[in-house]
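Have the structure open as you read.

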Amino acid sequence: DTTDVVLDIDGYFVAAPAPSALAFYPLTPCRVIDTRNPDSDLGGPYLQGHQERDFPVLEATSCNIPASAQAYSMNFTVVPKHILGYLTVSPTGQSRPVVSTLNDLTGTIVANAAIVPAGTGGDIAIYPSNDTDLVVDIDGYFAPPGTGGLSLYTFPPCRVLDTRTVGNGQPFSGTLSPPVNVAASPCAISSHAQAYVFNASVVPQGPLGYLTLWPDGQQRPLASTLNAMDGMITSNMAIVPTNNGKVDAYANGITQLILDISSYFAP
């Protein structure tokens, strides 16, 4: 349908080798911030409209984020008090840019993925236009090349999974079985891939609290990939690590799932 569009950029990828190029280091999705928790540096209180708050990301020691990280791959989820015009995330210590990380004029729980440069002390600054709680999960970081560092490989977007066309086309809830075998999909993705860049879309049957994607063979993490509490078709970008060419999916409601891949990270 007819619409205006706004595009904000937070980085770019260049052909290696390049002196300033960073490598990507995937992490099992991990919760960094949750303002619904008791008051703390990475917890409450909720964000107040038109007030910027800095978050010391490196204090989330259980997420294994090193001080060398220069940018974070994160998923931001808002739980607004009413409507939320926009939320802006930027590096601490820099002027707040005229960009938005997500918008939530319907006032429902909404998530969006973003790559955010690390600011002073590794902190990030978050500015909401209205009162909201905030949940932030990390799935990787960018740092100077080293052991375990990965490069990005792109190709034309390709559909890896559409549960509407698998078997009898029934939706699922709980853990998707079998796991999504990305390496065996028609997209011909390299067997060396260690993280996939997906656009994940859900077609829920009623409210869907959250969907979580994570590496197959690992315990389901306390993290969310997207939310669709209003029961609407919803999409979000997700970088999902893998150890065996597969990823797992969990839905806490009944939904169809579509995964399109646009690139992957590999040595």
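Leu 87 stands opposite Pro 128 in β7. The two strands involved here, β4 (residues 84-91) and β7 (residues 124-128), pair in the antiparallel sense over five bridges. Strands are DSSP runs of E with at least two residues, numbered from the N terminus, and two of them pair if DSSP finds at least two bridges between them. This is a predicted model, where local features need pLDDT of at least 70 and side-chain atom pairs count only at pLDDT 80 or more, while totals for chains, interfaces and linings use all residues. Residues are numbered from 1 along each chain as its sequence is written, and side-chain values use heavy atoms, without hydrogens and water.

Now to the sheet itself. Four strands form an open sheet in the order β2-β7-β4-β5, with antiparallel pairing. β2 (53-55) and β5 (102-104) each have a single partner strand, so one side of each is left without a neighbour in the sheet. On average, neighbouring strands of this sheet are turned by 25° against each other, direction ignored.

Volumes are the space filled by probe spheres set on the points, which are joined across faces, edges and corners.

| Space | Volume | Strand giving the most lining residues |
|---|---|---|
| Largest cavity | about 140 Å³ | β15, four residues |
| Largest pocket | about 1,400 Å³ | β6, six residues |
| Second largest pocket | about 320 Å³ | β10, three residues |

A search of the whole structure finds one cavity of 30 Å³ or more. Among the 15 residues lining the largest cavity, Pro 29, Asn 75, Asp 139, Ser 224 and Thr 225 are the closest to its centre.

The largest pocket is lined by 48 residues, and Asp 10, Gly 11, Tyr 12, Phe 13 and Ile 115 are the closest to its centre. Strand β4 returns here, as one of the strands that each supply at least two residues of this lining. By class, the lining has 33 nonpolar, 13 polar and two charged residues (Ala, Val, Leu, Ile, Met, Phe, Trp, Tyr, Cys and Pro count as nonpolar, Asp, Glu, Lys and Arg as charged, and the others, Gly among them, as polar).

The lining of the second largest pocket divides into ten nonpolar, nine polar and no charged residues.

Key: Axes are lines fitted to C-alpha atoms, for helices over the stretch in contact, and angles run from 0 to 180 degrees between N-to-C directions. On a 1 Å grid over the protein atoms alone, a cavity is a set of points where a 1.4 Å probe fits but cannot get out, and a pocket is an open set with protein on both sides within 12 Å along at least five of seven lines; lining residues have an atom within 4 Å of a point.
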